[in-house]
Amino acid sequence: MSTVRIGVIGAGNMGADHVNTLHRHVSGAVVTMVADIDVERAATVTDAVPGARATDDPYALIGDPEVDAVVIASHDTTHADLTVAAVRAGKAVLCEKPLAPTSAECVRVVREERQTGRRLISLGFMRRFDPAYTELRDAIADGVCGAPLLLHCVSRGVSSAPGATDELSITGSAVHEFDTVPWLLDSRIDEVSWHAARSTSTVTGLRDPQLMLLRTADGALTTVEVFLNAGYGYDVRCEVVGERGTLALTHPARVVTDSARARSLGHPADWRPRFADAYRLELQAWADAVASGTPSPLATADDGLVASAVAEAVITSMKDGGRSVAVQVPEV
Ligand code: NAI
């Protein structure tokens, strides 16, 4: 296959961003179709891509002969059914995280993929392609600071999206850490607990910030702070405390401002500028794998199942006074 013809489902923040990245920055790929239940939103996105068609029917996109591979960037609750449909159509699919909000739904998707005997599903855990995170992972693997003992992960945003819930902070935001931590440490998460500080007064009906503790099989302990309404900017941090020193992501800003007798670094408003390189590298790696018929280097459906199982254990802890809960990954 020379050029991979891609259909993108969901034309919201993430879908529109992926279409733009595929169109402008990924070689060997062309966006031929965009589907959104709000077809006007899909059409706004296809307007910028010559030859691309808009539809309100994601299943028509999956079955379309001019779509070789599918990106799913619609609402979390749609991921499982749409991924299964793409797998049944024999098409490679890049599903945004999470694979599904519950591990039971993830099991259904993984089973469906196994029946094909092929690895068709890739998952959008894009931090695996972020240059800073990959450098951090390499430094841990090289033993630069000795064995990792503690990790401190922070995920802060400006304000929560409408409809935010305590559970969504876990399945939608913290789930990135549930993939990142085992990937950084090469060790699975065995046990978790959930804790809350006094909530910010800027929102009602949401426990924010939340703090989670993750114990990995290697004995390291990770703190995860998720603070959706931190207000000041989008800010993702990670520090690894090892036996002989520490490793940490640096501030991602490329410009420092000196003004009014103060020095400052800017924060992005959301995740898109922070992870623009990661999305581009991820989409390029995926398109290359689809074009060459080689295994995708992205996270797998099984990785998505594991991350959702961790999220479920954290929610169990949240509903049970913050007790430690063992992570149970269901059999497929
Ligand atoms: P959004 O709400 O901006 O957009 C979602 C779009 O999907 C909307 O336009 C909606 O009309 C459409 N949609 C809903 N159901 C549909 C269906 N059955 N068929 C076709 N279109 C449908 O949401 P956003 O922020 O773009 O998130 C989309 C997905 O991407 C979510 O699963 C989210 O968890 C994930 N995401 C991933 C990020 C990452 O860093 N990897 C960052 C942000 C979101």
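Trainee: How far is an oxygen atom of the ligand from an N or O atom in the side chain of Asp76?
Mentor: In this predicted model, the separation between that ligand oxygen atom and an N or O atom in the Asp76 side chain is 2.5 Å.

Trainee: And what about the side chain of His79?
Mentor: There, an N or O atom of the His79 side chain lies 2.9 Å from an oxygen atom of the ligand.

Trainee: Which residues are the closest to the ligand, and how many surround it?
Mentor: The ligand is surrounded by 22 residues, of which Met14, Asp36, Arg41, Asp76 and Tyr279 are the closest, and the space that the ligand takes is the largest pocket.

Trainee: Switching topic, is Asp130 buried or exposed?
Mentor: Asp130 counts as buried because its relative accessible area is 2%, which is under the 20% cut-off. Asp130 sits in the loop that runs between β6 (121-123) and α6 (131-141), and, once neighbours within four places in sequence are left aside, Asp130 is in contact with Arg274, Phe275 and Ala278.

Trainee: Where does Trp183 sit, then?
Mentor: Trp183 belongs to helix α7, residues 166-185, and with a relative accessibility of 11% Trp183 is buried too.

Trainee: What does Trp183 touch?
Mentor: Not counting residues up to four places away in sequence, Trp183 touches Arg127, Arg128, Tyr133, Thr134 and Arg137. The C-alpha atoms of Trp183 and Asp303 are 9.7 Å apart in space, while the two residues are 120 residues apart in sequence.

Technical notes: Residues are numbered from 1 along each chain as its sequence is written. This is a predicted model: local features need pLDDT of at least 70, side-chain atom pairs count only at pLDDT 80 or more; totals for chains, interfaces and linings use all residues. Side-chain values use heavy atoms; hydrogens and water are left out. Helices (H or I, at least four residues) and strands (E, at least two) are DSSP runs, numbered from the N terminus. Buried means under 20% relative accessible area, exposed over 50%, partly exposed in between (1.4 Å probe, protein chains only). Contact means heavy atoms within 4.5 Å. A residue is near a molecule or strand if one of its heavy atoms lies within 4 Å of it. A polar contact is a pair of N or O atoms within 3.5 Å; within protein, one must be able to donate a hydrogen and the other to accept it, and residues adjacent in sequence count only if both atoms are side-chain atoms. On a 1 Å grid over the protein atoms alone, a cavity is a set of points where a 1.4 Å probe fits but cannot get out, and a pocket is an open set with protein on both sides within 12 Å along at least five of seven lines; lining residues have an atom within 4 Å of a point. A molecule sits in a cavity or pocket if more than half of its atoms lie within 2 Å of its grid points.
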